[in-house]
Amino acid sequence: MPAATTGSTVPRRQLGRYLRDLRGQARLTVRAAARALEWSEPKLWRIETGQTSLRSLDAKAMCEIYGADAEMTEILMGLAKETKSRGWWHAYGDVIPDGFDLYIGLEEAADRIDWYEPELVPGLLQTEEYAAVVMRAHNPSTSPEEVERRVTLRKERQVLLTRMVAAPVLRIVLNESVLRRPVGSGALMAKQVGHIVEVSELPNVAVRVMPFSAGWHVGALTGQFTILRFPANGDAKESEPPTVFVEGFTGELYLDKSSEVDRYTSAFADMWNTSMDEQESLHLLSDVAGSYAQG
């Protein structure tokens, strides 16, 4: 996917992996490499995890330290230039939480997204009114102007579900508590649940509800998580490794080790198969929306 669409996220992560592998082949620790480059260890860690852009001259310096050949050095210098690309969401940099721009870039690049939510309506399904209530509750001191910009950012993210080219396949499992716990007024919830029904009718979106009657399930252990998978390149390999995003109260985790992804993939499959199917879920969603509308 072109950088204009994904911004710098994918090039940053790709460059970071190449440089990490080169450092490993050179048998250098992070500390030794940072010392040789006269950088801090946190700076090197941010580069290797794709959390920051890199100048081509800095990429060249790293390649020299790691003993990379001229061809690889040229390739990575070119890739470093792509880490400066800016996605549409950079216009909202003033209201994007630290580190969350990385997730938005991955979301834009993904072609398949599996999402489990135990407490709140997922951001890609939220109405403006629901999103505003959640944002004000999370930080009551946020100004009305900032709330409005955050809501607009969330709406812009939702465009990916209906874009004309490469709209991702989205599968969501919602805990029934997401529907039953009011956020704002009954009218607001009626509109929100009705909106979930509308979005679930898109050909690339499937929503299932995990009912209370299912009893204990593995989601009680995993908590909220999202699995992002990416399009294949010409060699049939994914352009990015599958990544699990876990949003916590004080920070986020990005997990891409195959063992970690496999465990979350298995957990999602178990919840998907335990939940109501799409038709049953649609009936429940419609009933809940009607109950809220009646007050």
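1. Start with the second largest pocket: 19 residues line it, and those nearest its centre are Arg13, Trp45, Thr49, Gln51 and Tyr254. Its space comes to about 500 Å³. This is a predicted model, in which local features need pLDDT of at least 70, side-chain atom pairs count only at pLDDT 80 or more, and totals for chains, interfaces and linings use all residues. Residues are numbered from 1 along each chain as its sequence is written, and side-chain values use heavy atoms, with hydrogens and water left out.

2. What counts as a pocket here? On a 1 Å grid over the protein atoms alone, a pocket is an open set of points where a 1.4 Å probe fits, with protein on both sides within 12 Å along at least five of seven lines; lining residues have an atom within 4 Å of a point. A volume is the space filled by probe spheres set on the points, which are joined across faces, edges and corners.

3. Back to that second largest pocket: H2, helix H4 (41–48), H7 and strand E6 (252–255) each give its lining at least two residues. Helices (H or I, at least four residues) and strands (E, at least two) are DSSP runs, numbered from the N terminus. The lining divides into five nonpolar, three polar and 11 charged residues. For these classes, Ala, Val, Leu, Ile, Met, Phe, Trp, Tyr, Cys and Pro are nonpolar, Asp, Glu, Lys and Arg are charged, and the others, Gly among them, are polar.

4. Now the largest pocket, with a volume of about 1,000 Å³. It has 34 lining residues, and Leu120, Val134, His138, Arg154 and Glu247 are the closest to its centre. Which element gives the most to this lining? That's H8, with five residues. By class, the lining has 17 nonpolar, 10 polar and seven charged residues.

5. Arg154 deserves a look of its own. You'll find Arg154 in helix H9. Setting aside neighbours within four places in sequence, Arg154 is in contact (heavy atoms within 4.5 Å) with Gly123, Gln126, Ala131 and Met135. Trp89 is 65 residues away along the chain, and its C-alpha atom is 10.0 Å from that of Arg154.

6. On to helix packing, starting with H2 and H7: their axes come within 8 Å and cross at roughly 100°. That makes H2 roughly perpendicular to H7. Axes are lines fitted to C-alpha atoms, for helices over the stretch in contact, and angles run from 0 to 180 degrees between N-to-C directions. Angles under 35 degrees count as roughly parallel, over 145 as roughly antiparallel, 65 to 115 as roughly perpendicular and the rest as oblique.

7. H2 (residues 9–25) also packs with H5 (residues 56–66), at an angle of about 25° and with the axes 9 Å apart, so the two are roughly parallel. Leu19, Leu22 and Arg23 of H2 make the contact with Met62, Cys63 and Tyr66 of H5. Those residues split into five nonpolar, no polar and one charged.

8. H5 has another partner in helix H6 (residues 70–82): the axes come within 8 Å and cross at roughly 150°, so H5 and H6 are roughly antiparallel. From H5, the contact uses Ser56, Ala59, Lys60 and Cys63; from H6, Thr73, Leu76, Met77, Ala80 and Lys81. By class, that contact has five nonpolar, two polar and two charged residues.
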